Amino acid sequence: MQRILAVAVIFFVAFIFVIYNYYYAVNFPYQDDFLLIQFIETISQGGLGVAGVLKEMFRTFNDHKAAVPRFISLMEYYATGRLNFRFYIVLVSVNLIYIFYFLYLQFKKSRLPLIYFLPAPLLFFQPLYHEISNWALTGMQHSYLTAFTVTAIILVSRRSNPAFYGAMFCCFLATFTHGNGILSFPAIVFYFLCLKDFRRAILTTVFMITCFLIYIIGYESGQAGRLPNDVISFLSSLFGFIGSSMSLWSQPILWSAVWGIVMVAFMVFIVFKIARTYFNEPVTIKPGTVELLALFAFIFVTSTVIAIFRSWAGSTIASRFQIYASLATVIFYLMLIDYAAFFRKKSVLTVVIGLSFFYCAYSYYKFTGMVAGQKTTYLADVYNWKTNRNMFSVEKSITRNADFYLTPGYEKGFFHLPEPVVKKEQLDSMFAAAPRPVADCEMYVEEWQMERLSREKVEILTHYYISSIVLPARKGLLGDRFLVLKDRQNGQLHLANANPKVEAREKIVTDGTYYKPGFHSFFRKDDLAAGAYDLGILDVSDKAEKAFFLLDKSLLVTTAGLTLQ
């Protein structure tokens, strides 16, 4: 009965995670996703031949040669004639389940009851790394390279020559999925060194060097790389990267670094324990240990490289890297129950399971507002692109520079978008029919000056938040709230995400409400053309039911900024 319950909980947690990601996914490209549109636009012109297609597939973009994601998009283009970014997010979820299965295979070797595995899905299947689980290209890059790495570890553990060469091919694929993929080779070298298999360790190194030489053909350096400013920032980034599953709490940089140090220290202890075999001392290495250590070694080397080249700009704690932090925490837990009898006590297990449930639930609480806001932003931009050929999800400079392939891709049909949540004619009718609000909406504009670091300079960006915490009435957990902007001069209509701010934790617990009343919208200084805009709020439910609320102020956009009048 206990095993059946554990199986049910594991499947339920994974199912909720997959459904959550699918619900919040939109078939709309964001930022680096444009790379796939550019690739297909180049291919669609024809005349490249096999060599030309391969050259485009292995072209460098921002330090990475994303050949595998490009290949997937090419196969989809040949099969359907379109790119579907929501489909790519489904593939990411499949990869994440496979990666988790690797962890289960190592746990299974311990022969402990399945209930001891319950903390693992709770620590892994949560939206801490939502930029992987809900961002098409970034998700494919990080999930595929990790999936290739764990497959390589599984293969080398079979200790046969065909499996070894299969592992080398997986590491090659990881390298040409994401720039960090080449670090899968050191993980395999580490695996063989733990087993004192020097011949295969040397052979793996030869494959790694060969792969690196292939990688640097046509390589172009990105903009983010620079050596650290000081040792403290480097170490903080190194350990904070590994331990950033603790970034949910206050003082995230501190606690992430502390947690990273604790995990690395424990892994070093296990490595020294294994290293005693080099001195012919009897050592008991439990099944699955070396496989888990190899994956942790990959995470540690990845953290080191990223800290070396990115810590100059501040902490490397970022959602797109935190799949590695989640994996590190699960690996740490699995090693603890294997090597520390204290953590196998039923009372301790009960506490750990309880804390894991709380951690998982808190992660959903903390990030759902952000994930929902991204969904609403993409849905708004489906309308904006189809109607106005603009979007607010990325900077105007990005769409301007990408127009030479975005517009042709849309016109050719492979950059294909779903139907917008509302038509322009409907919005015009809503503005015409809506009564002027009697109550004061208590709207306000916040102006934020942000610093963006690059290798050459510090750029000052001006951001604006248009908000109210009074009206309209509170929206539910599901559905989407949009700010509608109507240009008084030409009647052009724009949509922007207007999901409200998230309630305080106490309010959520006592009242059961997630969002505050009102709305909250983000704009950059140059998002909107100069002019005056009438404002309204549009709520669209999951059943496509619409409610419109006219706001009592208009927005004035000038070269000086955004103001309400």
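Q: Which residues in α13 are buried?
A: This is a predicted model, in which local features need pLDDT of at least 70, side-chain atom pairs count only at pLDDT 80 or more, and totals for chains, interfaces and linings use all residues. Residues are numbered from 1 along each chain as its sequence is written, and side-chain values use heavy atoms, leaving out hydrogens and water. Buried means under 20% relative accessible area, exposed over 50%, and partly exposed in between, with a 1.4 Å probe and protein chains only. The buried residues in α13 are Ser-256, Ala-257, Gly-260, Met-263, Val-264, Phe-266, Met-267, Ile-270 and Ile-274.

Q: What covers the buried residues of α13?
A: Helices (H or I, at least four residues) and strands (E, at least two) are DSSP runs, numbered from the N terminus. Contact here means heavy atoms within 4.5 Å. The cover for the buried residues of α13 includes α10 (184-194), α12 (231-242), α14 and α15 (322-339).

Q: How many Å apart are the end C-alpha atoms of helix α13?
A: The expected span of a helix is 1.5 Å times one less than its number of residues. Helix α13 (residues 252-275) has 24 residues, so it should span 34 Å. The model agrees: the end C-alpha atoms are apart by 34 Å.

Q: Which residues does Leu-336 touch, not counting those up to four places away in sequence?
A: Leu-336 is found in helix α15. Its relative accessible area is 11%, so Leu-336 is buried. With residues up to four places away not counted, Leu-336 touches Phe-266 and Phe-343.

Q: At what angle do helices α5 and α14 pack?
A: The contact is between α5 (residues 85-108) and α14 (residues 289-310), with axes 9 Å apart. Axes are lines fitted to C-alpha atoms, for helices over the stretch in contact, and angles run from 0 to 180 degrees between N-to-C directions. On that scale, α5 and α14 pack at about 145°.

Q: How many nonpolar residues does the contact of α5 with α14 have?
A: Phe-102, Leu-103 and Gln-106 of α5 meet Glu-291, Leu-292 and Leu-295 of α14. Ala, Val, Leu, Ile, Met, Phe, Trp, Tyr, Cys and Pro count as nonpolar, Asp, Glu, Lys and Arg as charged, and the others, Gly among them, as polar. The contact has one polar residue, one charged residue and, as nonpolar residues, four.

Q: What is the strand order of the five-stranded open sheet?
A: Two strands pair if DSSP finds at least two bridges between them. Strands of a sheet pair through backbone hydrogen bonds, either parallel or antiparallel. This open sheet has antiparallel pairing, in the order β4-β3-β6-β7-β8.

Q: Which strands are the edge strands?
A: An edge strand here pairs on one side only. The two that do so are β4 (493-497) and β8 (561-564).

Q: Is strand β6 largely enclosed or open, and how many of its residues are buried?
A: Strand β6 (residues 531-540) is joined to β3 by eight bridges and to β7 by nine. Asp-487 has Tyr-533 of β6 as its bridge partner. Strand β6 is largely enclosed by the rest of the structure, because the buried residues among its ten number eight.

Q: How many residues lie between β7 and β8 in their hairpin?
A: β7 (residues 546-558) and β8 pair antiparallel over four bridges. Leu-556 has Thr-563 as its bridge partner, and Val-557 stands opposite Leu-562. The number of residues between β7 and β8 in the hairpin is two.

Q: Is His-463 buried or exposed?
A: His-463 sits in strand β2 (residues 458-468). Neighbours within four places in sequence aside, its contacts are Glu-446, Glu-447, Trp-448, Met-450, Phe-522, Phe-523 and Arg-524. Its relative accessibility is 14%, so His-463 counts as buried.
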